[in-house]
Amino acid sequence: SACEKQGQWAAALQIFEVMKACKLRLSEIVYSAVISACQKGDCWQHALFLLAEMKLTTIQPDFITYSAALAACWQGHQGSKAVRLFQDMQSDAAEPNAVSYNA
């Protein structure tokens with residue numbers, strides 16, 4: 001979250017990788033924070049990669065995670081990816097909210 005606020009998406013990714021290497025407990029909050037940092041840094045590719053990686057774990061993305069990834073896609077002018085992501089969000093039962101619709 002601190003990295004996101006400072007626009008330090010690369011630092012957020014590095015910290016995330018260290019957490020994984022140290023086998024620290026990851027959660028939807030951690031993933032959401034790193035995806036948000038990528039969104040703020042205009043790195044939609046990293047945001048989508050992290051979301052895909054998250055789906056391969058037992059951690060399920062919530063509407064906050066999806067909203068950050070959606071915002072990253074829209075900011076990156078990836079409208080078709082955002083539409084697909086929104087559909088995935090609905091099929092994964094992560095109910096969209098006002099933030100999701102406005103991303």
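In helix H6, the residues Ala82, Leu85, Phe86, Asp88 and Met89 are buried (under 20% relative accessible area; exposed is over 50%, partly exposed in between, with a 1.4 Å probe and protein chains only). They sit on the same side of H6, because they cover an arc of only 160 degrees around the axis, taken from the directions from the helix axis to the C-beta atoms. This is a predicted model: local features need pLDDT of at least 70, side-chain atom pairs count only at pLDDT 80 or more, and totals for chains, interfaces and linings use all residues. Residues are numbered from 1 along each chain as its sequence is written, and side-chain values use heavy atoms, leaving out hydrogens and water.

- Helices are DSSP runs (H or I, at least four residues), numbered from the N terminus.
- H6 has 13 residues and reaches 19 Å from first C-alpha to last, close to the 18 Å expected (1.5 Å times one less than the number of residues).
- Ser80 and Ser91 are exposed on the other side of H6.
- H5 (residues 63-75) also has 13 residues; its reach is 18 Å, close to the 18 Å expected.
- Buried residues of H5 include Thr65, Tyr66, Ser67 and Cys73.
- At the start of H5, a side-chain oxygen of Asp62 comes to within 3.1 Å of the backbone nitrogen of Ile64.
- His77 follows H5, and its phi is positive, near 60 degrees.

**Nonpolar core**
- The largest nonpolar core has 26 residues (buried Ala, Val, Leu, Ile, Met, Phe, Trp, Tyr and Cys joined through side-chain atoms within 4.5 Å).
- H2, H3, H4 (44-55), H5 and H6 (79-91) each supply at least two of its residues.
- H5 gives the most to this core, with 6 residues.
- Phe16, Leu26, Ile35, Leu50 and Leu85 have the most contacts inside the core.
- Ile35 touches Ala47, Leu50, Leu51, Thr65, Ala68 and Ala69, not counting residues up to four places away in sequence (contact: heavy atoms within 4.5 Å).

**Aromatic pair**
- The count is 1 aromatic pair (Phe, Tyr or Trp rings, the six-membered one for Trp, with centres within 6.5 Å; planes under 30 degrees apart are stacked, over 60 edge-to-face, the rest tilted).
- The rings of Phe16 and Tyr31 have centres 5.0 Å apart and planes at 70 degrees, so the pair is edge-to-face.
- Phe16 is in H2 (residues 9-21) and Tyr31 in H3, so the pair ties together parts 15 residues apart in sequence.
- Both Phe16 and Tyr31 are buried.

**Gln39**
- Gln39 lies in H3 (residues 28-40).
- Gln39 is buried, at 10% relative accessible area.
- Beyond its neighbours within four places in sequence, Gln39 contacts Ala68, Ala71, Ala72 and Gln75.

Notes:
A polar contact is a pair of N or O atoms within 3.5 Å; within protein, one must be able to donate a hydrogen and the other to accept it, and residues adjacent in sequence count only if both atoms are side-chain atoms.
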